[in-house]
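Student: I have a model open and want to learn to read it. Can we go through it feature by feature?

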Amino acid sequence: MLARAWVGEQVGVLQWWVEQDAPPMPPEEVVRMLLDLALRGRYWATGFDMPA
């Protein structure tokens, strides 16, 4: 289930980015953001500090 959720959110972001008339950011930035999210998680992405 975890893998399906992770892949689903990755595909959802990429689909959103491709469907834009003028992509809001370059592909390298999208990849970097998805990688950051994958490595650091949702807690980090929402602006919370990582627990010690």
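Student: Which residues line the largest pocket?

Tutor: Keep in mind that this is a predicted model. Start with the general idea: rolling a probe the size of a water molecule over the atoms shows where empty space is left. Here the lining of the largest pocket consists of Val 13, Trp 16, Met 25, Val 30, Met 33, Leu 34, Asp 36, Leu 37, Trp 44 and Ala 45. The elements that supply two or more residues to that lining are H1 and helix H2 (27-45).

Student: Which element gives the most to the lining of the largest pocket?

Tutor: H2 does, with 7 residues.

Student: What is the volume of the largest pocket?

Tutor: About 190 Å³.

Student: Now the whole fold. How many helices and strands are there in the protein?

Tutor: The count is 2 helices and 0 strands. Next, compare the radius of gyration with the globule rule. The protein has 12 Å, well over the 10 Å that the rule gives for 52 residues, so it is more spread out than a compact globule. The spans of the C-alpha trace along its principal axes are about 40 × 25 × 15 Å.

Student: What part of the 52 residues is buried?

Tutor: Buried residues account for 10% of the 52.

Student: Let me try single residues. Is Gln 10 buried or exposed?

Tutor: Read its relative accessible area against the cut-off: buried means under 20%. Gln 10 is at 13%, so it counts as buried. This residue is found in helix H1 (residues 2-19).

Student: Which residues is Gln 10 in contact with, leaving aside its neighbours within four places in sequence?

Tutor: With those neighbours set aside, Gln 10 contacts Leu 34 and Ala 38.

Student: How many residues apart are Arg 32 and Trp 44 along the chain?

Tutor: They are 12 residues apart, and their C-alpha atoms are separated by 14 Å.

Key: Residues are numbered from 1 along each chain as its sequence is written. This is a predicted model: local features need pLDDT of at least 70, side-chain atom pairs count only at pLDDT 80 or more; totals for chains, interfaces and linings use all residues. Side-chain values use heavy atoms; hydrogens and water are left out. Helices (H or I, at least four residues) and strands (E, at least two) are DSSP runs, numbered from the N terminus. Buried means under 20% relative accessible area, exposed over 50%, partly exposed in between (1.4 Å probe, protein chains only). Contact means heavy atoms within 4.5 Å. On a 1 Å grid over the protein atoms alone, a cavity is a set of points where a 1.4 Å probe fits but cannot get out, and a pocket is an open set with protein on both sides within 12 Å along at least five of seven lines; lining residues have an atom within 4 Å of a point. Grid points are joined across faces, edges and corners, and a volume is the space filled by probe spheres set on the points. The radius of gyration is taken over C-alpha atoms; the globule rule is 2.2 Å times the number of residues to the power 0.38.
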